[in-house]
Amino acid sequence: GSSFALVESAYAPLMGVTVKAVESGASVDLGSFLKEGSSSSNNKSKNILVLGTYAADFNAIEYAQRLQHYVPILREKHGVDKVGFV
């Protein structure tokens, strides 16, 4: 219903904004990344996209390390499909 429309509009400004994936080198549309799930059977995917400051920011590096530690838990216990860090 209306809550889904609110979520849709929340990531709409990211549609068309692309970044380059570290592993594959492919362009990734950030809006599409948030919108599309990879393994959700009910089409209500849970995706996380963290927008950090800049690569040399020590706080961002620590946050990325902490996030990496919790990704398996987020996937297993909370059904998170994809995690991205920009």
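**Fold, cores and selected residues of a predicted model**

K20 counts as exposed because its relative accessibility is 65% (buried means under 20% relative accessible area, exposed over 50%, and partly exposed in between, with a 1.4 Å probe and protein chains only). K20 is placed in strand 1 (residues 18-20), where helices (H or I, at least four residues) and strands (E, at least two) are DSSP runs numbered from the N terminus. Not counting residues up to four places away in sequence, K20 touches G25 and A26, contact meaning heavy atoms within 4.5 Å. K20 and V86 are 66 residues apart along the chain, and their C-alpha atoms are separated by 9.5 Å.

The model is predicted, so local features need pLDDT of at least 70 and side-chain atom pairs count only at pLDDT 80 or more, whereas totals for chains, interfaces and linings use all residues. Residues are numbered from 1 along each chain as its sequence is written, and side-chain values use heavy atoms, with hydrogens and water left out. The mean pLDDT of the protein is 83, and 80% of its residues reach 70 or more; pLDDT is the predictor's confidence in each residue, from 0 to 100. Among the elements, strand 2 has the highest mean pLDDT (95) and helix 1 (residues 2-11) the lowest (59). Where pLDDT is low, the predicted coordinates should not be read in detail.

The protein has three helices and four strands, which run α-β-β-α-β-α-β from the N terminus on. Of the 86 residues, 23% are buried. Among contacts between residues at least 6 apart in sequence, 43% join residues at least 24 apart.

The largest nonpolar core has six residues, namely Y11, L14, L30, F33, L34 and L49. Helix 2 (residues 30-35) contributes the largest share of this core, three residues. A second, separate core of five residues includes V50, L67, L74 and V80. A nonpolar core is here a set of buried Ala, Val, Leu, Ile, Met, Phe, Trp, Tyr and Cys residues joined through side-chain atoms within 4.5 Å. Y11 touches G31, L34 and K35, not counting residues up to four places away in sequence.

D29 lies in strand 2 (residues 27-29). D29 is buried yet has no salt bridge, and the nearest side chain of opposite charge, K35, is 9.4 Å away. A salt bridge is a side-chain nitrogen of Lys or Arg within 4 Å of a carboxyl oxygen of Asp or Glu; Lys and Arg count as positive and Asp and Glu as negative, while His and the chain ends are not counted. A polar atom of the D29 side chain lies 2.7 Å from the backbone nitrogen of G16, and a polar atom of that side chain lies 2.9 Å from the backbone nitrogen of G31. Not counting residues up to four places away in sequence, D29 touches L14, M15, G16, V17 and T18.

V83, in strand 4 (residues 82-85), counts as partly exposed because its relative accessibility is 23%. V83 touches F33, I48, L67, V71 and R75, not counting residues up to four places away in sequence. V83 and L67 are 16 residues apart in sequence and 9.0 Å apart in space, C-alpha to C-alpha.

E36 is found in the loop between helix 2 and strand 3 (47-50) and is partly exposed, with a relative accessible area of 46%. Leaving aside neighbours within four places in sequence, E36 is in contact with S45, N47 and K82. The C-alpha atoms of E36 and D81, 45 residues apart in sequence, are 9.3 Å apart in space.

Methods:
Polar contact = N/O pair within 3.5 Å; in protein donor to acceptor, adjacent residues only side chain to side chain.
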